[in-house]
Structure formats: structure tokens, C-alpha cells
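Please open the structure in your viewer and keep the selection tool at hand. The tour moves from the whole chain to its parts, one selection at a time.

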Amino acid sequence: MENLYPILIPVYLVNCFFWGFVTKTIVENKGYPGKGWFFWGFLFGIYAMAIALIEPDMRAVREKDKSDSVIINSGGWKCGFCGYANSKDTEICRCGKDKAETTAILSELQLKEMMKKD
Ligand SMILES: [Zn+2]
């Protein structure tokens, strides 16, 4: 049995590197720095990969923020109830609140913020 170790140890290490790279690649594709994740994959193999798979995709989140600011910069408005970015031609948000209602809520909140500061 003991003469299997020269084979098993390299196989084990190749396996560790494999899961390290798989985990690192998954998180990098989701927009995270992969450096630390390589070691998680190296140490915990498929378990680290499973966690990497359920991490939220940061690139999708950033894309959404970017498209929201494009909508708002072109005259759109952000709903004060659900936070959804509506185009300037939209009068009623997808949550059912209309533009006047949500902008009134927003200015009321801003007013309260200003009152707090004084
Ligand atoms: Zn809304």
C-alpha cells in the first residue's frame, strides 16, 4: 500500500489546483478578484466551487446601476417606493405608484433629512 503515495500525492495536488482554478475562474467571471478564491478552491475543492456558484453576479448588479443612471440622466425618475428607474415617458411605476406620488415622498424625505442636519 505504501508505494501508492508517490502516485496519490501528485494526484491529490493536481486535484487541489484544478478546484482552485475552477473556483477562481467562476468568481472572476462574476466580477470579483479571484486571488483569495483560488486558495478556497485549493483547500475545499468542490465545496468552495459550490459557494462560488451561489455568489451574486457583481457584473449584473453594476450593469443595472449603470443602466439606471442612464435612464435617470435622460430625464427619467427613480421610484421612491420600490427604487425602480422609470423612463421619462412612464407615469406609473411597475409597483403601481405614480410619478407625482413618488416624487412627493422623495422631497418629503429630503426635507426631513435637511431638518435633521439643522
Ligand atoms: Zn415603484
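This is a predicted model: local features need pLDDT of at least 70, side-chain atom pairs count only at pLDDT 80 or more; totals for chains, interfaces and linings use all residues.

Select residues 5–29 for helix H1 and residues 35–44 for helix H2, and look at how the two cross: the crossing is right-handed, and the axes come within 7 Å of each other at roughly 140°.

On the H1 side, select Cys16, Phe17, Trp19, Gly20, Val22, Thr23, Lys24 and Val27, which meet Trp37, Phe38, Phe39, Trp40, Gly41 and Phe42 on the H2 side. Coloured by residue type, this contact divides into 10 nonpolar, 3 polar and 1 charged.

To see where they meet, select Trp37, Trp40, Gly41 and Phe44 in H2 together with Tyr47, Ala48, Met49 and Ala52 in H3. The residues of this contact comprise 7 nonpolar, 1 polar and no charged.

How far apart are the axes of H1 and H3, and at what angle do the helices pack? The axes are 9 Å apart and the angle is about 5°, and H1 and H3 are therefore roughly parallel to each other. In this contact Trp19, Val22, Thr23, Ile26 and Val27 of H1 meet Ile46, Ala48, Met49, Ala52 and Leu53 of H3, a set that divides into 9 nonpolar, 1 polar and no charged.

Finally, zoom out to the whole protein chain, whose secondary structure comes to 5 helices and 2 strands, running α-α-α-α-β-β-α from the N terminus. Colour residues 2–55 as domain 1 and residues 59–117 as domain 2, and you will find their C-alpha centres 42 Å apart. Turning the view along the principal axes, you can follow a C-alpha trace that spans about 80 × 35 × 20 Å. The protein chain has a radius of gyration of 25 Å, whereas a compact globule of 118 residues would have one near 13 Å.

Notes:
Residues are numbered from 1 along each chain as its sequence is written. Domain bounds come from an automatic or database domain assignment. Axes are lines fitted to C-alpha atoms, for helices over the stretch in contact, and angles run from 0 to 180 degrees between N-to-C directions. Helices (H or I, at least four residues) and strands (E, at least two) are DSSP runs, numbered from the N terminus. A crossing is left-handed if the near helix is turned anticlockwise from the far one by less than a right angle, and right-handed if clockwise. Two residues are in contact if their C-beta atoms, placed from the backbone, lie within 7 Å. Ala, Val, Leu, Ile, Met, Phe, Trp, Tyr, Cys and Pro count as nonpolar, Asp, Glu, Lys and Arg as charged, and the others, Gly among them, as polar. The radius of gyration is taken over C-alpha atoms; the globule rule is 2.2 Å times the number of residues to the power 0.38. Angles under 35 degrees count as roughly parallel, over 145 as roughly antiparallel, 65 to 115 as roughly perpendicular and the rest as oblique.
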